[in-house]
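Subject: Structure for your review

Dear colleague,

I would be grateful if you could read the notes that come after it with the structure open.

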Amino acid sequence: MTSLHFYDQFPSYQKIMAREGVTSADLAIIGDPDAVIGQLLRYRAPALPTWCSGPFQNEPSVLPWVWAVAAEL
């Protein structure tokens, strides 16, 4: 998760994370396709009608399911 800690240095992210009571590690979504979909569905709500994702996984053999999961949502 250390690759996400760079968000901690930005005041705008610090304010949002403090307000929401989360850390940069809390915002990571990790797991197999079913786990990822389940975690993403937690965020999909009227309060968050749209969202943007940026997968850290860039191994070509894994990317097809990353994009398939994104397309499902």
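The notes below set out what was found, beginning with the source of the values.

This is a predicted model, in which local features need pLDDT of at least 70 and side-chain atom pairs count only at pLDDT 80 or more, while totals for chains, interfaces and linings use all residues. Residues are numbered from 1 along each chain as its sequence is written, and side-chain values use heavy atoms, with hydrogens and water left out.

**Overall architecture**

The protein has 3 helices and 0 strands, where helices (H or I, at least four residues) and strands (E, at least two) are DSSP runs numbered from the N terminus. Read from the N terminus, the order of elements is α-α-α. Of the 73 residues, 14% are buried; buried means under 20% relative accessible area, exposed means over 50%, and partly exposed lies in between (1.4 Å probe, protein chains only). Among contacts (heavy atoms within 4.5 Å) with a separation of 6 or more, 42% join residues 24 or more positions apart. The protein exposes about 5,600 Å², of which carbon and sulfur atoms supply 61%; accessible areas come from the Shrake-Rupley method with a 1.4 Å probe, and for residues only the protein chains shown count as cover.

**Helix 2**

Which residues of helix 2 (residues 33-43) are buried? They are Val 36, Gln 39 and Leu 40. These residues lie on the same side of helix 2 because they cover an arc of only 100° around the axis, the arc being that of the directions from the helix axis to the C-beta atoms. Helix 3 (63-72) is included in what covers them. The face turned away from this buried side carries the exposed residues Asp 34 and Arg 42.

**Aromatic residues at the surface**

Phe 6, Phe 10, Tyr 13 and Phe 56 make a nonpolar surface patch of about 400 Å². Patches are made of residues with over 30% relative accessible area and no salt bridge: like charges are joined within 9 Å, and nonpolar side chains (Val, Leu, Ile, Met, Phe, Trp, Tyr) within 5 Å. Phe 6, in the segment before helix 1 (11-20), is partly exposed at 36%.

The whole structure holds 1 aromatic pair. Phe 10 and Tyr 13 form this tilted pair, at 6.1 Å centre to centre with 55° between the planes. Rings of Phe, Tyr and Trp (its six-membered ring) pair if their centres lie within 6.5 Å; planes under 30 degrees apart count as stacked, over 60 as edge-to-face and the rest as tilted.

**Salt bridge**

Arg 19 and Glu 20 form a salt bridge, with the closest N and O atoms 3.1 Å apart. The term denotes a side-chain nitrogen of Lys or Arg within 4 Å of a carboxyl oxygen of Asp or Glu.

Yours sincerely
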